[in-house]
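Biologist: Let's go through this model together. I'll keep asking how you back up each label.

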Amino acid sequence: MIERRVGIVGYGVMGRAHAYAYRTAPLVRPHDTRFVPVVMSGRDAERVRDVASVFGAESECDWRALIERPDVDVVDICTPPGTHAEIAIAAAEAGKDVVCEKPLALNSHEAEAALTAVRGAGVRHAVGFNYRRLPALSLLAELVRDGALGEVRLFRGTWLSDEFVDPATPFDWRFDRSLGGTTIADLGSHLVDLATWIIGPISAVAATSSTFVTERPAPQGPRPVEIDDASSALVRFASGAQGTLEMARSAPRRPCDFVVEVNGSVGTAVFSYARLNELWVGSTEDDPHLYGLRRVRAEMPSHPETGGWWPVGQGVGYDASLVNQAADLAAAWPDDSYDPDFAQGAAVVRVCEAIEHAAEQGRWVSVEPEGVAHSSG
Ligand SMILES: NC(=O)c1ccc[n+]([C@@H]2O[C@H](COP(=O)([O-])OP(=O)(O)OC[C@H]3O[C@@H](n4cnc5c(N)ncnc54)[C@H](O)[C@@H]3O)[C@@H](O)[C@H]2O)c1
């Protein structure tokens, strides 16, 4: 048994989710390598201590102290996006492997710097696009990969939440351009990652963005909101496929509702997060008498990412995506690389940035390859 000791930076929603996942993964899908959360950091000493103790971890108030601890092998970053690159670079320079929550960074320059740092230090790196680890979405990707839908022509993704609907919701890091980034970066990064994972690279985008609530209450008085509440993009894939992406935090009564649909030359597959154990699939090769889409229960042992989970019919939830992520990391490290890594995280950032530029400029924008600074010309 190889124990990889994890220091988790941040103890909010995702800090707790990752700590839970590291503790649970060996119970569900044991591997020779086991990740153990040994310390969590946060700025409020009492609160971080309370959370860390639940997971059997110690606490630190300074993330730099966490990185420097000799008993930390892996640094897992669960803080707002504007802090990711700096923490990832410091962790890499200290020789620690790095797991980073999405989006990898706020812009392509920061993402590239983080990628250069992990490559230069020769440490392992991963980005927390956990939804790839849901069985039904994984099955969708597998169907596309195996050609079951034929030549892929269309991708459609929507990600809707209502977290910005109430104008009285106070200003916090999610509205701060330099800390939280945009709705494109927050919700859109998941869609872009799923689209590129399932279909392949996105080569060009056109988009429109809106901010419906332009200022938010803050202790010193109303603060202007610098980010989009909602954005919609048309995308062109390198393969020739096309698609649409819509991301909004301004959709009443829609809590983290996302839908992904792929149409190929012979088949369609549809995933809706509200029914996350199911995939709807239909093919021109099906019996015409049964014309339509069939509801597949993505819970069979033959389906991806179901190993160790409950018998068919019991289903899994959001936590399974994170537990599977921790288990897949344990399986991949220390010998192999892990998908998605920082290179893929940086590629997602470049697409999100292109969407932002396309919306600002009202025109199609090409997605730059790795290593090329974005040109707006
Ligand atoms: N993969 C997913 O399903 C998913 C879901 C939600 C959030 N996220 C991502 O996880 C990261 C953290 O999100 P969260 O929902 O856990 O946030 P959160 O607000 O619940 O927690 C943020 C943590 O970061 C710390 N922090 C450090 N510097 C900060 C600063 N300058 N301002 C505010 N907080 C600071 C806070 O103390 C807290 O511990 C983000 O990158 C977010 O995009 C991913």
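Modeller: Start with contacts, and bear in mind that the model is predicted. Among contacts between residues at least 6 apart in sequence, 69% join residues at least 24 apart.

Biologist: What makes a pair count as a contact there?

Modeller: The C-beta atoms of the two residues have to lie within 7 Å.

Biologist: And how do you know whether the radius of gyration agrees with a compact globule?

Modeller: For 377 residues, a compact globule would come out near 21 Å, and the protein has 21 Å, so the two agree. The C-alpha atoms fill a box of roughly 65 × 50 × 40 Å along the principal axes.

Biologist: What makes a residue "buried", and what percentage of the protein gets that label?

Modeller: You need 20 or more other C-beta atoms within 10 Å of the residue's own. Of the 377 residues, 50% count as buried.

Biologist: Which domains does the assignment give?

Modeller: It gives domain 1 (2–131) and domain 2 (132–332). Their centres, taken over C-alpha atoms, are 24 Å apart. The contact takes 24 residues from domain 1 and 27 residues from domain 2.

Biologist: Which elements give two or more residues to domain 1's side of that contact?

Modeller: Helix 1 (13–28), strand 2 (33–41) and strand 6 (125–128). Helix 1 has the largest share, 8 residues.

Biologist: How do the residues on that side divide into nonpolar, polar and charged?

Modeller: On the side of domain 1 that touches domain 2, you get 14 nonpolar, 7 polar and 3 charged.

How values were computed: Residues are numbered from 1 along each chain as its sequence is written. This is a predicted model: local features need pLDDT of at least 70, side-chain atom pairs count only at pLDDT 80 or more; totals for chains, interfaces and linings use all residues. The radius of gyration is taken over C-alpha atoms; the globule rule is 2.2 Å times the number of residues to the power 0.38. A residue is buried if 20 or more other C-beta atoms lie within 10 Å of its own, exposed if 12 or fewer, and partly exposed in between; C-beta atoms are placed from the backbone. Domain bounds come from an automatic or database domain assignment. Helices (H or I, at least four residues) and strands (E, at least two) are DSSP runs, numbered from the N terminus. Ala, Val, Leu, Ile, Met, Phe, Trp, Tyr, Cys and Pro count as nonpolar, Asp, Glu, Lys and Arg as charged, and the others, Gly among them, as polar.
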